[in-house]
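Let's take a friendly walk through this model together. Please have your viewer open.

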Amino acid sequence: MSGYKVTDPNFPIDISNPCRVLIWNNTIEKVGRLGPVTPGLKSGPTPALAMSLQPFNGTAAPPPTTTQSAFKRPMSMSMTIAQVFDTSLAADTEERRTLLNKIQPMIDQCYKTVPDYIPGSAKVNNFRSGSIIVDYTINATSSSPDFTSANIQLANSLKQAGLPVDPTLFAESVPALLFNTTNKIYPMQRLDLRCIHPASVAGAITWTVNKIDPTLDPMRYSIIESNTSSTLTVKNASEFDSGRYSCVIKRNNISYIQWQDIVIEQRPKIEVDADRVFECKDQTVQIKCCAALYSIEWDRIPDGDKLENSETNCIILQHKLLKINCGSVETFTCQLKDLKELQGYSYSRKSVTIKTSDKKFDCTSETLGIGQIGDKVNGPCENGRIGFITYQCQLDGWRKIQIECVLPILASLQSEVQVLTEEKIPGFLKSLSDATVKNSIEISQSASDVKAIVDMLHQLTIISTNMTIDKTVMNTYLKTVDVIVSDQTNNIWGELNNGNTTSNTSTVLLLAIEVTSNRLSDVNFTLNESSIQLERTLIRNSFNLTSQQPNSNTQIMFSDVPEPTFVTLIIFSNLDNVLPTRNTSKNDTGTFENRINGDVVVIKVNQTVNNISLTFDITNELLGNPQCVFWNFDLDRWDSDGCKVKHSENGKVTCECNHTTSFSILMTKNFMDDKALSYITYIGVAISMASLVLCLIIEIIVWKSVTGNDTAYMRHVFVVNISVSLLIADICFIIGAAIAKPGESTPVNPCSAVVFFIHFFYLALFFWMLTSALFLLYRTAMVFSQMSRAKMMVIAFMVGYCAPLLIAVITVASTAGAGRYIWKKDVCWLNWSESKALLAFVIPALTIVAFNLMVSIVVLFKIVRRNVNSATQKDEKHNLVVIFRCLAFLTPIFGLTWGFGVGTMVSDGYGLHVVFAILNSFQGFFVLVFGTLRDSKVQQSLAGKLRLKLSSDPPRSLLLQGHRLQSN
């Protein structure tokens, strides 16, 4: 009989025998979803069809009566909509209900064309991620109805409704017990998932694991085929093997999928003390073991030892050590308590070794043991936290140098996020938000907790790549962020931004916020937290928003938006305490110490917007030099490209930018746009240049009369070249000041040329000082040695000009190509923050100052012992003394000047800048006084020249009187 199967071959064939329809899906019967079928028609979870065959009476029997109520086969189906999954579809939201009410009638309408479909039975049950997977059920009257044409019709109808569906991605999707166990599954166990081939479904079996073909990774998976089944083996399973396992049978009309969600428990993380060495004496030491979410125990407790459970998730063994057992070695193992089946796995236990020693030690502790200066050891966390603390032995004992301890709930969430799937993101964010708010006080005092939360938020951005985020989920997200950027965490962020291992935590947070804000649902909504305001809205033509945060009036304005588009705006009033202020390189903040002096605004738009205006309230009006900046993730710093200051007045700064990202304003605490300081600088430079010109004029006037011997000649050569070098450097300084404007980018080519000459001539000044010191040392230490004037001149010019030229050329060659030769803003001078090019001036200059001071001390010692007086002529002695006096006065002055110059790079003290400006501006005046005017020979020669001029040009009255006498 067609459509019926013999259930008992020994049963006698008789027309009066009752017949029943067997369950169509033996896989469902196998997994116990619908239950086995029993003879006869029974109510229950398994649909059955019963009928009686009427006795044959010679006439055609009427056809058997069947009704849909007598038989209906539930079928679990799925289809894929080619759109990004929205988290609102995972909860009972208006968006979910709207989509369900749109799809469900379409399924019913299109499937009515299938003869075996029971009209009105279509029901949408669930939406899953992976695009949008729609799970729905229908009822049919046959085992394998043909839905091919109906699915094509349904795909076309959904496409017209704005829901693109691939007609080849329809499937019959049935939950099955592929891995038959009621126990939890743990890492490193073997998984054998068996898929039984239903008799009613023809086709080859293939497998997918989280939509990925496992045959691509034969090291992790193996598949064994048989005539009736296929077995997928997961070798050495880990937490990352959690997910949906699907057995797929390709058939003509739609695929038949049996699936099971496999959850592999988190690997137990047992933390024990590192191996310890203790002093040989009678004492009790502590051995600590902690594990979140699992019960633990020590493998043994020696007689006399005590066990403490004073901390959550931890057990502490108070172990007695005896002096008589000096040198002993003991091992204790902490293991899982109630999971004996896991004892064969390495993660189920951890051991610690305890030793005693009589060696000399500098540090001792009943927990950390003994150690010598510089030794490091990892110790247990405190107050039940999970992780470790690194200690170092110092002069005053063991000191904490690194803390990596987090709350147990955060440690558990850290493990969970590693295997999180898109569907579970809303629930995970709710758990994270609840844990963060509940433990906000503890978290605000722990850098490790804050960093752990930021890392989890960053991990979520990776997992949620193919989904959009609705208002509810974003609200829980912002509640978490609001806690970790609150005022209470200011000190923690200072520690994170300055630390060597966590210096990127704040920028990782900003990146996570930016990426998440770019995935919001295209609906209008507003969210507000204590320090955060979020606005998601559709803008047309133009848009204006004013912050509703307390003490904030930040305004954002869009103009000339080409077409309607959604925009996300997030205003943070506390991120100025979180983000680093570097605007040049990762570890430096530039010439002056920058401050974020306003709100931080994150802007994300679905299309290009070329004109954005932002008006910030200045939070600290003592700061100046506003810069409109955005965070450049490629450069890892604040950048001003594409942004400019439009207005800055009345406590507000208005910026205009031509792109969208995270914006704020940087201002400098020590910006020296001070009129008094400017007057000091420019008046001082003018006096310096005038003094140098006067010095050169005097040298020209007295040159022949004061250069009678080699010593005098060389001394005045030194003075002339020092004056020329400083004069040209001052002229270049004036040119550079005219080129560079405070708060604006420096023009690269003209500024680079000016900086090269400033660098070269300032170095020449110091190298001519060095030459004079070497000459003085030579003339006082080697009295009887004579060097020709020509040879001395060659050496002097080689040292005075060739050496600084070589340094200047090497500096520009090694830094200009990378764009790191000069400052990018404010001043024309050697770069400090990116390339440290300024060291090419500071190091030679300060080295020469130190050497010249040493020479001055040596020469002073010789003068005191009268070595110079006894071996030199009077005129030569005079010139040596003048050189010494010049060195003795100018070297400290130049040294102090550039010492204060280095200080201005690391300090924002106004007085420091004033002193540097005075000393630097009046260097020419000091050269005139100590290099020329204080020389008695110069004074005598100059006075003589002036008297001669006066005597050779008598007054007109005397000439007239003489003429009368001659006429008489």
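## Basis

This is a predicted model, in which local features need pLDDT of at least 70, side-chain atom pairs count only at pLDDT 80 or more, and totals for chains, interfaces and linings use all residues. Residues are numbered from 1 along each chain as its sequence is written, and side-chain values use heavy atoms, with hydrogens and water left out.

## Nonpolar cores

A nonpolar core here is a set of buried Ala, Val, Leu, Ile, Met, Phe, Trp, Tyr and Cys residues joined through side-chain atoms within 4.5 Å; buried means under 20% relative accessible area, exposed over 50%, and partly exposed in between (1.4 Å probe, protein chains only). The largest core has 90 residues, and I103, Y111, F127, Y136 and L457 touch the most other members. Helix 7 (residues 447–463) gives the most to this core, nine residues; helices are DSSP runs of H or I, at least four residues, and strands are runs of E, at least two, numbered from the N terminus.

Apart from this core lies another, of 54 residues, including F718 and A764.

## V799

V799 sits in helix 14 (residues 789–815) and is partly exposed, with a relative accessible area of 21%. Its C-alpha is 8.6 Å from that of A764, 35 residues away in sequence.

## A hairpin

Strand 24 runs antiparallel to strand 25 (residues 386–394), joined by four bridges; pairing requires at least two DSSP bridges. V377 has Y391 as its bridge partner, and N383 in the turn has a positive phi of about 60 degrees.
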